[in-house]
Structures are given as C-alpha cells and as structure tokens.
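Please keep the sequence and the 3D view open while reading.

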Amino acid sequence: LLLALTLKLVQDQYTETAFDLDRAGLNSVSREQAQGLDWTPRLETADEFRLGQDAASGAQLFQAIYRHNEAGRELVSWANRVYDIDQWSLKEQTTQTVDGLGAVTVLDLTSLRNRQRLVAYWYVVPNRISSSQARIKLQQAVNTLLLQPSGGGLVAVSLDYRGNTETAHALLQQVLDNNARRLSGPLQPGQPTSE
C-alpha cells in the first residue's frame with residue numbers, strides 16, 4: 001500500500017508540475033530553427049526552444065525548456081552541448097558575476113572562419129540557478145524527492161565580437177545585467193538560490 005501511494009504521488013508530481021520559465025519576450029521556435037543558427041546550444045530533447053535579441057547590443061538570447069527530467073530527456077546530459085563543437089573551438093572559459101544571479105560561465109569561442117563569440121550560460125531549476133552541472137543534477141534529485149518540479153531550463157546569452165576581448169566582456173556584462181534576471185524568472189513558487 002505504501003509503495004502504491006508513493007508511486008501515485010510521484011506520478012501526480014510528474015503530470016501536474018511541469019517546469020517553465022517566463023518567456024521574457026522571447027519567441028518559441030522549433031528545434032530545427034534553433035539549431036539552424038550556428039551559435040545556439042545543441043540540446044536535442046528539449047521540450048521548447050525560445051530565441052530573442054537584446055535591442056541595444058544585438059546580443060542573442062536563448063532558453064531551452066525541459067518540462068520534466070526523465071531518462072533519455074535530461075537537461076544535464078553528456079549529449080547536450082552549450083555550443084556546436086563542429087563549428088566552434090573553446091579559447092577560454094571564465095565566469096562573470098551578475099547582480100541578483102551570481103556567477104555565470106562565459107565561453108570565449110572562435111570559429112573555423114575566425115569569428116569570435118562570447119557565450120554566457122546557466123541552468124535554472126526550481127530552487128537553484130547555477131552554471132554547475134553537478135549542483136543542478138543534485139538539486140533536480142532533491143526536487144524529485146520533495147515532489148517539486150524536476151525539470152529545468154538552460155539560458156544562454158551570446159555576443160559576436162571582433163578585436164578586444166575586454167571590450168566584449170564589458171558589453172556582455174551590460175547585456176547580462178539588463179537581461180539575466182528576467183530570462184531566469186521561474187513561474188513556480190519560490191525564488192531559486194543562485195551561486
């Protein structure tokens with residue numbers, strides 16, 4: 001009887017508490033449209049992809065939503081990539097601190113055609129915002145045990161640049177300060193913890 005009750009609670013949690021983020025002015029697009037752009041993260045199994053642009057800087061904005069965390073369709077997975085490794089090479093990985101959000105990972109990428117791009121990214125799950133895959137996986141496990149939504153989202157901000165990396169990082173900082181909190185806003189109750 002206890003096992004049946006537990007299974008019923010887990011099933012109810014799965015069907016009634018899907019994860020989502022505020023759209024933050026982004027447009028829903030198909031996986032094919034999202035991955036038709038060379039800068040977007042490569043996430044094959046997300047439930048929804050959203051794209052937009054920061055009008056002031058031209059930076060690209062991205063959300064990928066996983067309504068539930070389930071085997072074969074996980075937010076944090078070896079198959080998911082923040083950038084297309086066939087088109088981009090990693091020059092440097094750093095962090096930048098965003099007010100009200102904490103530290104986010106920033107990748108400095110170069111393409112085969114010698115283009116340069118900064119990509120800042122972080123994960124959002126109920127009760128946590130982090131660029132750390134290990135912390136996100138742990139929080140998802142805790143959320144499942146507490147019968148909270150176990151899905152999540154990947155948020156990325158991408159900026160094409162030429163020349164000075166410091167200038168590009170300064171512009172990225174402005175874009176993050178202006179957009180990161182609204183891109184990370186959860187629709188479910190409670191504010192996530194950031195680090």
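## The largest cavity

The lining of the largest cavity is made up of five nonpolar, three polar and one charged residue, where Ala, Val, Leu, Ile, Met, Phe, Trp, Tyr, Cys and Pro count as nonpolar, Asp, Glu, Lys and Arg as charged, and the others, Gly among them, as polar. The residues in question are Leu43, Leu75, Ser77, Asn80, Arg81, Val82, Tyr123, Gln133 and Leu154. A cavity is a set of points, on a 1 Å grid over the protein atoms alone, where a 1.4 Å probe fits but cannot get out, and lining residues have an atom within 4 Å of a point. Rolling a probe the size of a water molecule over the atoms shows where empty space is left.

The largest cavity holds about 50 Å³ of space, and the structure contains one cavity of 30 Å³ or more. Such a volume is the space filled by probe spheres set on the grid points, which are joined across faces, edges and corners.

## How the model is to be read

This is a predicted model, in which local features need pLDDT of at least 70 and side-chain atom pairs count only at pLDDT 80 or more, while totals for chains, interfaces and linings use all residues. Residues are numbered from 1 along each chain as its sequence is written, and side-chain values use heavy atoms, with hydrogens and water left out.

## The chain as a whole

The secondary structure comes to four helices and nine strands, taken as DSSP runs (helices H or I, at least four residues; strands E, at least two) and numbered from the N terminus. Along the sequence, these elements follow the pattern α-β-α-β-β-β-β-β-β-α-β-α-β.

Of the 195 residues, 47% count as buried, a word that means under 20% relative accessible area, whereas exposed means over 50% and partly exposed lies in between (1.4 Å probe, protein chains only). Among the contacts (heavy atoms within 4.5 Å) with a separation of 6 or more, 61% are accounted for by residues 24 or more positions apart. The chain exposes about 9900 Å², of which carbon and sulfur atoms supply 52%; the areas come from the Shrake-Rupley method with a 1.4 Å probe, and for residues only the protein chains shown count as cover.

## The largest pocket

A pocket differs from a cavity in being an open set of points, with protein on both sides within 12 Å along at least five of seven lines. The largest pocket has a volume of about 180 Å³, and its lining consists of 13 residues, of which Asn80, Arg81, Val82, Tyr121 and Gln133 lie nearest its centre. Strands β4 (88-98) and β6 (116-125) are the elements that give two or more residues to this lining, which divides into eight nonpolar, four polar and one charged residue.

## Residues in loops

Most residues other than glycine have a negative phi, and most peptide bonds are trans. Ala24, however, has a positive phi near 50 degrees; it sits in the loop between α1 (2-16) and β1 (27-29) and counts as buried, at 12% relative accessibility. Asn114 has a positive phi near 65 degrees, but this residue, in the loop between β5 (102-111) and β6, counts as exposed at 64%.

Gly25 also lies in the loop between α1 and β1 and is exposed, with a relative accessible area of 71%.
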